[in-house]
Amino acid sequence: MSTKKTIPIAGFPIVATTSSALTRYLLYAMWLNKKITLFFANTNFIVRCNHLLEKMKSNSVTIVNDGVGMDIAAFLFRRDAFKENLNGTDFIPQLLSGADGAKRVFMVGGKPEILPKAVEHVRGKLKQTVVGSCDGYAELQQRCAGLVGEINRAQADIVLVALGNPLQEEWILANRQALDAKVVIGVGALFDFWGGYKPRAPQLVQRMRLEWLYRLCLEPRRLLRRYTVDILKFLLLCRKHDSHSRKT
């Protein structure tokens, strides 16, 4: 989506698009046999993946906005606005349902006890063909050297990688060229939702853009730093890149 409008956030070229337009773009790219990588960028992504910034500045990489923090940064530092909030939990089912027939999906990541339930969700509820899976713990360590070959032999159309930031981005960028799959997507905690390990916020909370607060209340020890110290780091990175762009 190199010709589409982007809003730079902390140096990352974030595409300002909608879920319907992004779905059409990815399905068309798959029809053309183009290799596309998709990342959903929230404030945690910006902070944790800052060291990968230059590797992500590629025409084959599409980064979209996820969360109210990105909206705030777009307004504060760019005096601009994103068209729609995008996140993997809502978008991936839309992408799969919009495809012409079932796609061949390979799932990488998630906890060993959760992954089989997530696989069953994709097969049963989303009506897709899961051609393989590998959890993000012991299996990934054991199968790491041959995993790319395994995915290619399975002839996966889409690879979903749920290792969390920045591990999933590092893994994808390191292996993308060798992967034959048309679309590879970093999906964060998506398998936890699909496997029933973590609940989604109620619809009203989602519409109010307060899902982050709902998750913080459920997991305060794990997420407190993300929504305090890391938010400050995020704003400082935005300011740093904004100041640099003004000078140049």
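Biologist: In which sense, left-handed or right-handed, does α1 pass α5?

Modeller: Bearing in mind that this is a predicted model, α1 passes α5 in a right-handed crossing.

Biologist: Which residues of α5 are buried, and what covers them?

Modeller: In α5, which spans residues 88-98, the buried residues are Gly88, Thr89, Phe91, Ile92, Leu95 and Leu96. The elements covering the buried residues of α5 include α1, β3, β5, β7, β8 and α9. As background, residues three or four places apart in an α-helix point the same way, because there are 3.6 residues a turn.

Biologist: How do you know that asparagine 87 caps the N-terminal end of α5?

Modeller: A side-chain oxygen of asparagine 87 lies 3.2 Å from the backbone nitrogen of threonine 89, and the cut-off for a polar contact is a pair of N or O atoms within 3.5 Å.

Biologist: Why is asparagine 65 called buried?

Modeller: Buried means under 20% relative accessible area, and asparagine 65, at 0% relative accessibility, therefore counts as buried. Asparagine 65 lies in strand β4, and a polar atom of its side chain lies 3.0 Å from the backbone oxygen of glutamate 84. Leaving aside neighbours within four places in sequence, the residues in contact with asparagine 65 include Ile14, Ala41, Met70, Phe82 and Leu86.

Biologist: Why does alanine 41 count as buried too?

Modeller: Alanine 41, in strand β3, has a relative accessible area of 0% and is therefore buried. Among its contacts beyond four places in sequence are Ile14, Ile46, Ile63 and Asn65. The C-alpha atoms of alanine 41 and leucine 86 are separated by 9.0 Å, although these residues are 45 apart along the chain.

Biologist: What makes asparagine 44 buried, and which side chain does its own side chain meet in a polar contact?

Modeller: Asparagine 44, found in helix α2, counts as buried because its relative accessibility is 5%. Its side chain makes a polar contact of 3.0 Å with the side chain of asparagine 165. The peptide bond from asparagine 165 to proline 166 is cis, with omega near 0°, and proline 166 lies in the loop between β7 and α8.

Biologist: What is the phi of alanine 10, and what is that of arginine 79?

Modeller: Most residues other than glycine have a negative phi. Alanine 10, in the loop between β1 and β2, has a positive phi of about 55° although it is not a glycine, while arginine 79, in the loop between α4 and α5, has a positive phi near 50°.

Biologist: Why is alanine 10 called buried, and why is arginine 79 called exposed?

Modeller: Alanine 10 is buried because its relative accessible area is 4%. Exposed means over 50%, so arginine 79, at 61% relative accessibility, counts as exposed.

Note on methods: Residues are numbered from 1 along each chain as its sequence is written. This is a predicted model: local features need pLDDT of at least 70, side-chain atom pairs count only at pLDDT 80 or more; totals for chains, interfaces and linings use all residues. Side-chain values use heavy atoms; hydrogens and water are left out. Buried means under 20% relative accessible area, exposed over 50%, partly exposed in between (1.4 Å probe, protein chains only). Helices (H or I, at least four residues) and strands (E, at least two) are DSSP runs, numbered from the N terminus. Contact means heavy atoms within 4.5 Å. A polar contact is a pair of N or O atoms within 3.5 Å; within protein, one must be able to donate a hydrogen and the other to accept it, and residues adjacent in sequence count only if both atoms are side-chain atoms. A crossing is left-handed if the near helix is turned anticlockwise from the far one by less than a right angle, and right-handed if clockwise.
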